[in-house]
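Dear colleague,

I am handing over the structure below, together with some notes on what I found when going through it. Please read them with the model open beside you.

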Amino acid sequence: AEGTRLLSVKTAGNVTTVDLSTEARRGDKFGSDFGLVSVDQVVWTVTELVGEDSLVDLTIDGAPPGEL
């Protein structure tokens, strides 16, 4: 979503946690399919950087994202 900031990226073992700001929780004017593509893009980018066998944990302000 517009205005979303990357708060932190931490890797422990094969799990990389990406923490985004609250703005990531806002509804997107392009619909939920666009939101899923955005999440996919984060996962693809992280796995490209740290390895395809890595797991990506997405959080918003340090908490599970729930439904985006």
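Strands β2 and β3 run parallel to each other and are joined by six bridges, and within this pairing V15 stands opposite L55 of β3. Please bear in mind that this is a predicted model. On the other partner of β2, strand β1 (residues 6–12) pairs with β2 (residues 15–20) in the antiparallel sense, again over six bridges, and here V15 is the bridge partner of A12. The strands β1 and β2 form a hairpin that leaves two residues between them, and G13, which lies in the turn, has a positive phi of about 65°.

Taken as a whole, the protein has one helix and three strands, which follow the pattern β-β-α-β when read along the sequence. Of its 68 residues, 21% are buried, and the accessible surface comes to about 4,900 Å², with 55% of that belonging to carbon and sulfur atoms. Among the contacts between residues at least 6 apart in sequence, 54% join residues that are at least 24 apart.

Is S54 buried or exposed? With a relative accessible area of 15%, S54 counts as buried, because the cut-off for that class is under 20%. If its neighbours within four places in sequence are left aside, S54 is in contact with N14 and T47, while its C-alpha atom is separated by 9.6 Å from that of V43, which is 11 residues away along the chain.

Definitions and conventions: Residues are numbered from 1 along each chain as its sequence is written. This is a predicted model: local features need pLDDT of at least 70, side-chain atom pairs count only at pLDDT 80 or more; totals for chains, interfaces and linings use all residues. Side-chain values use heavy atoms; hydrogens and water are left out. Helices (H or I, at least four residues) and strands (E, at least two) are DSSP runs, numbered from the N terminus. Buried means under 20% relative accessible area, exposed over 50%, partly exposed in between (1.4 Å probe, protein chains only). Contact means heavy atoms within 4.5 Å. Accessible areas come from the Shrake-Rupley method with a 1.4 Å probe; for residues, only the protein chains shown count as cover. Two strands pair if DSSP finds at least two bridges between them.
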